[in-house]
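Student: Before we begin, could you show me the structure and then take me through the terms slowly, setting each value against its definition?

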Amino acid sequence: MCRVCGGTVSEFFDFGNQPLSDAFPRPEEIRDEFFFRLAVGICEDCSMVQLVEEVPRDRMFHEDYPYHSSGSVGMRAHFEQTARELIETELTGPDPFIVEIGSNDGVMLGTVNQAGIRHLGVEPSGGVAKLARAGGVRVRNDFFEQSSATEIRAADGPADVIFAANTICHIPYLDSIFRGVDALLAPQGVFVFEDPYLGDIVELNTFDQIYDEHFYLFSVSSVRAAARRFGFELVDVRRLPVHGGEVRYTIAREGVRPVRPAVGELARQEHEQGLVEPSTFERFGTDVKRICGELVDLLRTVRAEGKRTVGYGATAKSATVTNYCGIGPDLIEAVYDTTPAKHGRLMPGSHIPVHSATEFREPYPDYAVLFAWNHAEEIMAKETGFRESGGRWIRYVPGVEIF
Ligand code: SAH
Ligand code: TMP
Ligand code: ZN
């Protein structure tokens, strides 16, 4: 049943049993790993693409949640720019107030804080919330939902902006989110959020965007319908180049802001792309199977030649690739990553060891699968020595390729 409108969800792809994408077990913990059925479908009524099974939120977002938003130079720049834009366009009145849902380590609110603007991050994961506080950001260590939003409204007054990046798509209880926004948002305020875009996922075959935390794959059509359902209006959209293609949605209370032409334009484009048609998702499923087959064939071939292959970036996305395609330590000997909390741990489900990125060169392998393909430029720029040593990168989206 659709988590937004109660309609029928038509399942279009089943990835089988999958572990939590951000749970990196220690060797002695692998017996307790949690698995769930990762399957995705589209609502026949409101076109919302969503997971068929829901993982309890406390299993994913807790004290040890390992993802640190500030780990990428490119994303730091993106969020500094985002904060500046919000400050210049929306936070212009007397004593403005901004709330961020899923503020993580303070990557966006840090800039807001430095500008001396009243703010609050709402972040359930204790470890990253602590990091944000250490940087001067004000954080409520909690899940954003109707009840916490109501308390924030009572304590701090209405918010001019409620912002979220890569977080709303993580939250199945969208009804409670919208009711919380309704309780907290100022009459003329905006709810702005950005998430991976279904149009890009389908276009570029980025099937690894589908994992436990990505409960929704949003499109303009589905977000517009959801906003309406809860008394809001989608007034602007903008495509963003980050994380393999996202859309930033701007939502206001019904009738208070003009609807920008971009909304209708992108909705039209989605229609042409067939983003609500079953055949599009059939094609997508066929491509996922083909890509996995080709990737495994390539890894087996280079192993047969006696070459060493590793992975680069212990991303949440890579959990779907390794587990669905059946790639273990026999095909990829280790994965290198800059996040200290992931070092000495194993990749979820596949149990490939994770090592510090500083060890990537000791010595360089023959091949490296770029799991963090969304940070390709940044990684290529700092790992030039790999290619110079004769190493080759492997990518698997939009298709399998040595480059
Ligand atoms: N905004 C950051 C973090 C994205 S990761 C960025 O774009 O990089 C998603 C974050 O959402 C995690 O830190 C997670 O703890 C948080 N989160 C999950 N559910 C939440 C909820 N209901 N309210 C607020 N934050 C939530
Ligand atoms: P993300 O794709 O969800 O942003 O996760 C990126 C992962 O890749 C994260 O675990 C950090 C890691 N990473 C590196 O190891 N090196 C890098 O240069 C960058 C940008 C990320
Ligand atoms: Zn629906």
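Tutor: Let us start with a term: contact means heavy atoms within 4.5 Å. This is a predicted model, in which local features need pLDDT of at least 70 and side-chain atom pairs count only at pLDDT 80 or more, while totals for chains, interfaces and linings use all residues. Residues are numbered from 1 along each chain as its sequence is written, chains are lettered from A and ligands numbered from 1 in the order in which they are written, and side-chain values use heavy atoms, with hydrogens and water left out.

Student: What covers the buried residues of helix 11?

Tutor: The cover includes strand 1 (9-19), strand 2 (35-43) and helix 10 (278-304). Helices (H or I, at least four residues) and strands (E, at least two) are DSSP runs, numbered from the N terminus, and on that basis the chain has 13 helices and 17 strands.

Student: What makes helix 11 mostly covered?

Tutor: Buried means under 20% relative accessible area, exposed over 50%, and partly exposed in between, with a 1.4 Å probe and protein chains only. In helix 11 (residues 316-325), 9 of the 10 residues are buried, among them Ala-316, Val-321 and Cys-325. Just after helix 11 comes Gly-326, with a positive phi of about 75°.

Student: Why is Thr-250 called buried?

Tutor: Thr-250 has 16% relative accessibility, and therefore counts as buried. This residue is found in strand 11 (residues 246-253). Leaving aside neighbours within four places in sequence, Thr-250 is in contact with Val-190, Phe-191, Val-192, Glu-233, Leu-234, Val-235 and Asp-236.

Student: Why is strand 8 described as largely enclosed by the rest of the structure?

Tutor: Of the 12 residues of strand 8 (residues 185-196), 10 are buried, so the strand is largely enclosed by the rest of the structure.

Student: How do you know that strand 7 and strand 8 pair?

Tutor: Two strands pair if DSSP finds at least two bridges between them. Strand 7 (residues 159-165) and strand 8 have 6 bridges in the parallel sense, and Ala-164 has Phe-193 in strand 8 as its bridge partner.

Student: Why is one side of strand 1 and of strand 9 left without a neighbour in the sheet?

Tutor: These strands belong to an open sheet of 4 strands with the order 1-2-3-9 and antiparallel pairing. Strand 1 and strand 9 (216-217) stand at the edges, each with a single partner strand, so one side of each has no neighbour in the sheet. Strand 3 (residues 49-51) pairs with strand 9 in the antiparallel sense over 2 bridges, and Gln-50 stands opposite Tyr-216 there.

Student: What makes strand 14 and strand 17 edge strands?

Tutor: The open sheet they belong to has 6 strands in the order 14-13-12-15-16-17, with mixed pairing. Strand 14 (354-356) and strand 17 (401-402) each pair on one side only, and they are the edge strands. Strand 13 (residues 335-337) runs parallel to strand 14, joined to it by 3 bridges, with Asp-337 opposite Ser-356.

Student: How do you know that the radius of gyration of the chain agrees with a compact globule?

Tutor: The radius of gyration is taken over C-alpha atoms, and the globule rule is 2.2 Å times the number of residues to the power 0.38. With 403 residues, a compact globule would have a radius near 22 Å, and the chain has 21 Å, which agrees. Buried residues make up 57% of the 403 residues.
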